[in-house]
Amino acid sequence: MRDTELYQHLLGVVAPWTVSKVELSVQDGRVDVWVEHPRGTRFVCPECEQELSVYDHSEERAWRHLDSCAFLTFLHAHPPRVDCPAHGVRQVQLPWAETHSRFTVLFERLAIDVLTECDVAATARLLRISWDEAWHLMDRAVARGLAAKPLTVPAHVGVDEKAAGKGQDYITVVSDLDAGTVEFVADERRQASLDSYFEKFTDEQLAQIQAVAMDMWEPFAASVRAHLSDADNKIVFDRYHLMGYLTKAVDTVRKQENKALSAAGDKSLAGSKYLWLYSAENLPERHQDRFAALRAGDLKTARAWAIKESLRHFWSYKRRGWGAKHFKRWYFWATHCRLKPIIEAAKTLKRHEAGLLSYFAHRITNAGAEGLNSRIQAIRVSARGYRNREHFKTAIYFHLGGLQLYPTSL
Ligand SMILES: [Zn+2]
């Protein structure tokens, strides 16, 4: 078998294309393969598929292909052009690559598989491409996936903000809570950020959204009110975030109390920060004795913690009425505890009571998408150092968008 014929089989080159020449450079560790078509071959216009004779050929181009036994492999060809009466002079669609790509379809598919398993730097190393090329391949895959994605409206939407870089740089992440996919990513965390998601849909489509889980963040609530009817019954302030406020208040109480006790030489709260951040059932066994002793004492921090833990029962009620009753009792307790951070957190919750109680109509929470949260965090960590919000957004869509990423031609 001649080398050209061998490569014709290896590359899966199909008629009218044939391999005309193969060059191996052992020194450079690469194989270059030229393909051509016979004279008189007719090609279709990429716009209207009318069959036409070849008008001319573009300059030779090269596409990176799958390696041949660890040798970098490049496919070369002069792309033919046709002169369509309706669409003018156009380059024909080549069977091995998407338009404008410097990689063959098979290489892009491999790159997508590797990018799925590895971070961008590792992908670039393994595939022997540059870091920019690896991002470029990820960008292309995401653009392809977003273009092919049907415009569907989730019944249960989650909205969350994520720190994107240093300081006050945020992105807004919209997810489908039922499918567990990221549907949309916007810059910053303003009302306009969420507006740009809703604006993709008609009023009839928006009417299919039954509920939106979110943090008590006024710009997001304002956006929901501007786009959804009966918004106040659809906004569900998220358990995950609400408990976060209380946990933070407990920590503030601890800090203040520890400072006061330390000044008087009492070290009983020193080094206890993380004990108070656990919920009761998640406390590691080795800390249980110390924590039980701390809770049994007369500490303000222990009182704050007990109030926080009591709020958690709110979400375990089956009926709205019982939940409302629990919240009322809890609010009375929290506002009479004489611990300022707890009183303030309780008052914030009270102002948002409707959005707490709407939980019982929808029973949704972003904590259900907690897998999503931790995965977004992992993507952020793996993209650290690059400080590029666009890359962060691309990687979120790539890994969590539920998109069809592969090129489909060939
Ligand atoms: Zn045409």
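Two strands are taken as paired when DSSP finds at least two bridges between them. In this predicted model, strand 7 (residues 80–84) meets that description with strand 8, the two running antiparallel over four bridges. Within this pairing, valine 82 has arginine 90 of strand 8 as its bridge partner.

The pair belongs to an open sheet of four strands, arranged in the order 3-4-7-8 with antiparallel pairing. Strand 3 (42–44) and strand 8 (88–91) form the edges; each has a single partner strand, so one side of each lacks a neighbour in the sheet. From one strand to the next, the twist averages 55 degrees.

Turning to the helices, the axes of helix 2 (residues 105–117) and helix 3 (residues 120–127) approach within 9 Å and cross at roughly 135 degrees. Helix 2 and helix 3 are therefore oblique to each other, and the crossing is right-handed. On the helix 2 side, the contact involves Phe107, Leu110, Ala111, Val114 and Leu115, which meet Val120, Thr123, Leu126 and Leu127 of helix 3. Sorted by class, this contact comprises eight nonpolar residues, one polar residue and no charged ones.

A last stop is threonine 4, which lies in helix 1 (residues 3–11). Threonine 4 counts as buried because its relative accessibility is 8%, below the 20% cut-off. Beyond its neighbours within four places in sequence, threonine 4 is in contact with Val19, Ser20, Lys21 and Val22. Serine 279, by contrast, is 275 residues from threonine 4 in sequence and 67 Å from it in space, C-alpha to C-alpha.

How values were computed: Residues are numbered from 1 along each chain as its sequence is written. This is a predicted model: local features need pLDDT of at least 70, side-chain atom pairs count only at pLDDT 80 or more; totals for chains, interfaces and linings use all residues. Side-chain values use heavy atoms; hydrogens and water are left out. Buried means under 20% relative accessible area, exposed over 50%, partly exposed in between (1.4 Å probe, protein chains only). Contact means heavy atoms within 4.5 Å. Axes are lines fitted to C-alpha atoms, for helices over the stretch in contact, and angles run from 0 to 180 degrees between N-to-C directions. Angles under 35 degrees count as roughly parallel, over 145 as roughly antiparallel, 65 to 115 as roughly perpendicular and the rest as oblique. A crossing is left-handed if the near helix is turned anticlockwise from the far one by less than a right angle, and right-handed if clockwise. Ala, Val, Leu, Ile, Met, Phe, Trp, Tyr, Cys and Pro count as nonpolar, Asp, Glu, Lys and Arg as charged, and the others, Gly among them, as polar.
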